[in-house]
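Subject: Structure handover and notes

Dear colleague,

I am passing on the structure we spoke about, with the sequence alongside. Please look it over first, and then read the notes below.

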Amino acid sequence: MRLFEASHVFKHDWATVSLANWRKYPNDKTPHVRHVETLNQEVDEATGILKTERLIMVKQNVPTLVRKIFGGDTSYVLEYSEVDPAKQTLVMQSQNMTFSNLLSVGEHITYMPDPENPAHTIFTQSAQLKASAALYRLANKVEDMCWNRFKDNAHVGKQGLEQVVFKILAERQAMAMTMPSIAE
């Protein structure tokens with residue numbers, strides 16, 4: 001089993017970063033994410049918490065041998081998320097559905113305001129990658145390969161989110177310039 005952990009401080013407020021999360025795909029920084037389908041979305045009337053379930057289609061650039069063993073390079077990930085506007089938290093958990101009997105990848109992500117600087121957002125990410133005993137001698141190599149791929153994807157994912165944040169900020173600025181001043 002391999003564990004992956006990362007954290008990052010986005011120098012943008014939580015509302016902007018959490019909005020960018022929902023607009024992250026498609027993105028030229030993360031071409032491996034081919035499609036995102038919202039399966040269920042509901043707001044808890046008592047708490048205001050938005051609960052979402054999404055199915056994510058991912059196409060990885062994998063070695064030919066892996067494609068032959070697994071029968072392809074497209075996989076599906078099930079993601080559950082909760083946005084708590086009162087606490088300003090976005091918590092996401094995901095689990096691969098494709099070939100999970102051979103390789104299990106579970107991920108946990110949290111976005112929350114930085115307590116030291118509320119104008120910034122703290123991003124934390126952890127993942128557990130575990131190859132099945134059925135892979136026997138290859139288990140460690142498969143876990144290592146997947147861990148490295150996960151690390152690379154996490155890095156470009158943060159870049160992609162930053163790109164979307166800047167797009168949102170540009171949209172806000174353009175909107176502010178086109179709207180008549182309230183003071184007039």
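Predicted model: local features only at pLDDT ≥ 70, side-chain atom pairs only at ≥ 80, totals over all residues.

Residues are numbered from 1 along each chain as its sequence is written, and side-chain values use heavy atoms, with hydrogens and water left out.

Aromatic cluster

A pair of aromatic rings is described by the distance of the centres and the angle of the planes. Rings of Phe, Tyr and Trp (for Trp, the six-membered ring) pair here if their centres lie within 6.5 Å, and the planes count as stacked under 30 degrees apart, as edge-to-face over 60, and as tilted for the rest. On that basis, a search of the whole structure finds four aromatic pairs. One of them is formed by Phe4 and Trp147, an edge-to-face pair with 5.9 Å from centre to centre and 65 degrees between the planes. This pair links distant parts of the chain, since Phe4 belongs to strand β1 (residues 2–10) and Trp147 to helix α3, 143 residues apart; helices (H or I, at least four residues) and strands (E, at least two) are DSSP runs, numbered from the N terminus.

Phe4 counts as buried because its relative accessibility is 6%, where buried means under 20% relative accessible area, exposed means over 50% and partly exposed lies in between (1.4 Å probe, protein chains only). Trp147 is likewise buried, with a relative accessible area of 18%. Phe4 and Phe150 form an edge-to-face pair as well, at 5.2 Å centre to centre and with 65 degrees between the planes. Here too distant parts of the chain are linked, with Phe4 in strand β1 and Phe150 in helix α3, 146 residues apart. Phe150 counts as buried at 14% relative accessibility, and Phe4, Trp147 and Phe150 form one aromatic cluster.

The charged end of Arg2 sits over the ring of Trp147, 4.5 Å from its centre; the criterion is that NZ of Lys or CZ of Arg is within 6 Å of the ring centre and within 35 degrees of the ring normal.

Ala154 also lies in helix α3 (residues 139–178), and it counts as buried because its relative accessibility is 9%. Leaving aside neighbours within four places in sequence, Ala154 is in contact (heavy atoms within 4.5 Å) with Phe4 and Gln125. Ala154 and Glu5 are 149 residues apart in sequence, yet their C-alpha atoms are 9.9 Å apart in space.

Second largest pocket

A pocket is defined on a 1 Å grid over the protein atoms alone, as an open set of points where a 1.4 Å probe fits, with protein on both sides within 12 Å along at least five of seven lines, and its lining residues have an atom within 4 Å of a point. The second largest pocket holds about 150 Å³ of space, the volume being the space filled by probe spheres set on the points, which are joined across faces, edges and corners. Strands β2 (33–43), β3 (50–59), β4 (74–84) and β5 (89–96) each supply at least two residues of its lining. Among the lining residues are Asn40, Lys51, Tyr80, Ser81 and Val91.

Ser81, which is found in strand β4, counts as buried at 3% relative accessibility.

Other residues

His35 is found in strand β2 and is partly exposed, with a relative accessible area of 40%. Not counting residues up to four places away in sequence, His35 touches Leu55, Ile56 and Met57.

The peptide bond from Tyr25 to Pro26 is cis, with omega near 0 degrees, and Pro26 is found in the loop between α1 (14–22) and β2. Gln88, although it is not a glycine, has a positive phi of about 55 degrees; Gln88 lies in the loop between β4 and β5 and counts as partly exposed at 34% relative accessibility.
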